[in-house]
Amino acid sequence: MEDYLKKIAECTEADELEKLKIKLLGRRGVLNRLLADVKNLPVEKRIELNKLKKEIETAFANKKIETPASRRTSLLKFSSAKLGHLHPLTQTENQLNNLFRSLGFSIYDGPEIETDEFCFERLNVPQNHPARDLQDTIYLQEPEILLRTQTSSIEARLLYEQKPPFKVVAPGCCYRNEKVNKSNHFILHQYQGVVVDKNITLKDLFGTLNLLFKTLYGPEVIIRFRSKYYPEVEPGVGPDMQCFACHGVGCPLCKGAGWIEMGGAGIIHPKVLKMANIDPCQWTGFAFGLGLDRWTMAKFNLKDIRTLLGGNLAYKPNEL
């Protein structure tokens, strides 16, 4: 039996140890076969066998072999690496999704590689329209295939594919050939909202955006609505928030204006509805496209949009 104790001590593989345990302590193992006739053995032999069994059981209990699973657990337990956390963009998007779900909205999605039809044509931006120059489009196969420049393309697909009434929000990533600075990036995130129903007015749009600002930034948030031109809406408005970095004084982030443009919105243009075979005399609606990056920066007090997509994290888990 001393040989078996030595084998247990020298065992390095979990499978090998398990086989040895079955051989010695299993139902038909060596020890159980010896103990089967224990009543016919002298008392000294019985004591010796029981002692031996306990020694072997203790040897197995004390033998620790590190398996891949236990090694991973050990590394996780003693590693000094920080645990991960949700990205600020994801946290902001989740909060917006939860708010709009509570208001009865559905979550929608669309392709990032888009066609000219849905990114421009169906949004009342035909060929040679000057508004195209403002979007610095990245084409994959000019002039038809491109990386979407705005989540309004999701709106165009929604209007084409679904029948009203509906209330939908659609977060997504967009791409433009932008010069990267504190407030702009060539990869940007937007949050699109579309409502089509009967008797929808600007009052509904303003009420929705007011609730949105106050939910994310508190009841004391200072906002304004400016008249703006967007081809897909009429009238169009630009929701601005007082700069969270300088509180209206003027700084590099807000380019000295004291205000940050947080998106674009308006009443859906009748032409856009007609192109989707929706009767503008029967149905009306509003749409908005929010700059999700800027909403996230304001929420987490980030002064540079580049930190959201850079490898050097400027935010810490305990600050989120």
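In the predicted model, the axes of helices H6 and H9 approach to within 11 Å and cross at roughly 130°. H6 is therefore oblique to H9, and the crossing of the two helices is right-handed. On the H6 side, the contact is formed by Thr92, Gln95, Leu96, Leu99 and Phe100, while H9 contributes Thr208, Leu211, Leu212, Thr215 and Leu216. Sorted by class, the residues of this contact comprise 6 nonpolar and 4 polar ones, with no charged residues.

H6 (88-102) and H9 (202-217) are also among the elements against which the buried residues of helix H11 pack. The other partners of these buried residues are strand S6 (187-197), strand S8 and strand S11 (284-291). H11 is mostly covered, with 7 of its 9 residues buried. The buried set consists of Leu292, Asp293, Trp295, Thr296, Met297, Ala298 and Phe300.

Just after H11, the backbone at asparagine 301 adopts a positive phi of about 55°. Asparagine 301 belongs to the segment that follows H11 (292-300). Because its relative accessibility is 43%, which falls between the limits of 20% for buried and 50% for exposed, asparagine 301 counts as partly exposed.

A positive phi is also found at asparagine 128, where the value is about 70° although the residue is not a glycine. Asparagine 128 is placed in the loop that connects helix H7 (116-119) with strand S3 (138-141). With a relative accessibility of 74%, asparagine 128 is classed as exposed. Most residues other than glycine have a negative phi, and most peptide bonds are trans.

Cis peptide bonds were examined next. Proline 165 is located in the loop between helix H8 (152-161) and strand S5 (166-175). Another cis bond joins glutamate 234 to proline 235, and here omega is about 0°. Proline 235 lies within strand S8, which spans residues 233-242. S8 is one of the elements packed against by the buried residues of H11.

Notes. Residues numbered from 1 in each chain as written. Predicted model: local features only at pLDDT ≥ 70, side-chain atom pairs only at ≥ 80, totals over all residues. Heavy atoms only, no water. Helix = DSSP H or I, 4+ residues; strand = E, 2+ residues; numbered from the N terminus. Buried < 20%, exposed > 50% of the residue type's maximum accessible area, 1.4 Å probe, protein only. Contact = heavy atoms within 4.5 Å. Axes fitted to C-alpha atoms, helices over the stretch in contact; angles between N-to-C directions. Parallel < 35°, antiparallel > 145°, perpendicular 65-115°, else oblique. Left-handed = near helix turned anticlockwise from the far one by under 90°. Nonpolar A, V, L, I, M, F, W, Y, C, P; charged D, E, K, R; others polar.
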